[in-house]
Amino acid sequence: MAMIELPPLPYAKDALAPHISADTLTVHHDKHHKTYVEKTNKLIAGTEFEKLSLEEIIKRSARKDAHKKIFNNAAQAWNHTFYWHSMAPKGGGKPGGKLADQIKADFGSFEKFHEEFHTKGAEQFGSGWVWLVLKGGKLAVEATSNADNPVAHGDTAILCSDVWEHAYYLDYQNKRPDYLTAFLDKVANWSFAEENFAQARSQSKAA
Ligand code: FE
């Protein structure tokens, strides 16, 4: 009985080619992501985590040695779903609306945001993720190690890129900076980021 489900990709496997190939998406979604979901379900079965949402599992297992395996698999399951939506066919370009204004206010310009996201993603040592996050009412770029993510720290994810080698090795081999350039310029899904930003703003107003 699956408690956490593997959501389908929000586009066809070849929809992001040539920037992210169908081969990469097939292995990445159908093998890597699927395994994180299956392992999470196996690990939470019969535990206090069994009936919780993925977000709750992440928050309650974060930074607890006894729950490290649950955290790693649950966070990776969440991160990958967020990553699929952070990309879209005919993506790239720049955000619009209030998110564009806030990026300008917090980074100085879209170009400065672009440079920081690219640099932090490229320089993340080993496996991890690079995020545009909203924390304390301000936008920031953060790189996280392995499975770690903004949910675990009470921050709001706006957009992310996977910098584990499995995300880019088939298409770019060791050239992670080239993958990140393609991510930002060709596939980044700014409509998704704008929705996340708008939702976070309306929640903070309601609170
Ligand atoms: Fe991945």
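The iron ion sits in a tetrahedral site, with angles of 91 to 131 degrees among its 4 donor atoms. This is a predicted model, and that applies to everything I say about it.

Which residues hold the iron ion? The protein donors are His 28, His 80 and His 166, each through NE2, and Asp 162 through OD. They lie 1.9 to 2.1 Å from the iron ion. Along the chain the donors follow the spacing H-x51-H-x81-D-x3-H.

Next, His 29. This residue is in helix H1, residues 22-44. Buried or exposed? His 29 has 6% relative accessibility, so it counts as buried, the cut-off being under 20%. Setting aside neighbours within four places in sequence, His 29 is in contact with Leu 6, Pro 7, Pro 8, Leu 9, Lys 34 and Trp 84. Take Pro 7 from that list: 22 residues separate it from His 29 in sequence, and the C-alpha to C-alpha distance is 9.3 Å.

Last, a helix pair. Helix H4, residues 97-107, and helix H8, residues 190-206, have axes that come within 8 Å and cross at roughly 85 degrees. Angles of 65 to 115 degrees count as roughly perpendicular, so H4 is roughly perpendicular to H8. On the H4 side, the contact is made by Lys 98, Leu 99, Gln 102 and Ile 103. H8 contributes Trp 190, Ala 193, Glu 194, Phe 197 and Arg 201. By class, the contact of H4 with H8 has 5 nonpolar, 1 polar and 3 charged residues.

That is what I have.

Note on methods
Residues are numbered from 1 along each chain as its sequence is written. This is a predicted model: local features need pLDDT of at least 70, side-chain atom pairs count only at pLDDT 80 or more; totals for chains, interfaces and linings use all residues. Side-chain values use heavy atoms; hydrogens and water are left out. Axes are lines fitted to C-alpha atoms, for helices over the stretch in contact, and angles run from 0 to 180 degrees between N-to-C directions. Helices (H or I, at least four residues) and strands (E, at least two) are DSSP runs, numbered from the N terminus. Angles under 35 degrees count as roughly parallel, over 145 as roughly antiparallel, 65 to 115 as roughly perpendicular and the rest as oblique. Contact means heavy atoms within 4.5 Å. Ala, Val, Leu, Ile, Met, Phe, Trp, Tyr, Cys and Pro count as nonpolar, Asp, Glu, Lys and Arg as charged, and the others, Gly among them, as polar. Donors are N, O and S atoms within 2.8 Å of the metal (3.2 Å for Na, K and Ca); water is not among the atoms, so sites may look incomplete. Four donors count as tetrahedral if all angles lie between 85 and 135 degrees; four count as square planar and six as octahedral if opposite donors are over 155 degrees apart and all others between 65 and 115; anything else is irregular. Buried means under 20% relative accessible area, exposed over 50%, partly exposed in between (1.4 Å probe, protein chains only).
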